[in-house]
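Here is a friendly note to read alongside the model. Keep the sequence and the 3D view open as you go through the points.

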Amino acid sequence: MDRVMKLASERAVVIFTLSSCCMCHTVARLFCDLGVNALVRELDQDPRGKEMERALLKMLGKGPSVPVVFIGGKLVGGTNRVMSMHLSGELVPMLRNAGALWL
């Protein structure tokens, strides 16, 4: 879990994904379309990816374990939470507060 938290604090937005996951791609694309330069960590490309995936699942409390988004070093959640925040208008202000967006 320490490794996950260390990586999550490296940038304003960090997304943990699997390269073969379509929802991971969708969430990463949303941030890209918003103009956010997110750090995307593909767990299946990392030697300690399985360990991090288990830690993320533990943090979330329920599956699926990816995608998982951190904004400003804080756990936001997975696809449902991110999309809900985007649709309700909460996501962009959170990104601005974290320094991920300048507009």
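Which residue forms a salt bridge with Arg-41? Take a moment to look for the partner, then read on.

1. The partner is Asp-46: the closest N and O atoms of Asp-46 and Arg-41 are 2.9 Å apart. Please keep in mind that this is a predicted model, and that the distances here are computed from its atoms. The general idea is a simple one: side chains of opposite charge can pair when their charged atoms come close.

2. Stay with Asp-46 for a moment. Its relative accessibility is 14%, and because buried means under 20%, Asp-46 counts as buried. Asp-46 also belongs to a network of salt bridges that links it with Arg-41 and Arg-3.

3. Look now at helix α2, which covers residues 22-33. Here the side chains of Arg-29 and Asp-33 meet in a salt bridge, with 3.0 Å from N to O. Arg-29 and Asp-33 are about one helical turn from each other, because they sit 4 residues apart in this helix. Asp-33 is exposed, with a relative accessible area of 53%, while Arg-29 is partly exposed at 43%.

4. Another salt bridge joins Arg-48 and Glu-51, where the N to O distance is 3.0 Å. Are these two residues buried or partly exposed? Glu-51 has a relative accessible area of 36% and is partly exposed. Arg-48, at 40%, is partly exposed too.

5. The structure holds 1 aromatic pair. The pair is made by Phe-16 and Phe-70, with ring centres 5.8 Å apart and an angle of 75° between the planes. This arrangement is edge-to-face, because the planes are over 60 degrees apart.

6. Phe-16 has 0% relative accessibility and counts as buried. Phe-70 is buried as well, with a relative accessible area of 0%.

Notes. Residues numbered from 1 in each chain as written. Predicted model: local features only at pLDDT ≥ 70, side-chain atom pairs only at ≥ 80, totals over all residues. Heavy atoms only, no water. Phe/Tyr/Trp six-rings, centres within 6.5 Å; stacked < 30°, edge-to-face > 60°. Buried < 20%, exposed > 50% of the residue type's maximum accessible area, 1.4 Å probe, protein only. Salt bridge = Lys/Arg side-chain N within 4 Å of Asp/Glu carboxyl O. Helix = DSSP H or I, 4+ residues; strand = E, 2+ residues; numbered from the N terminus.
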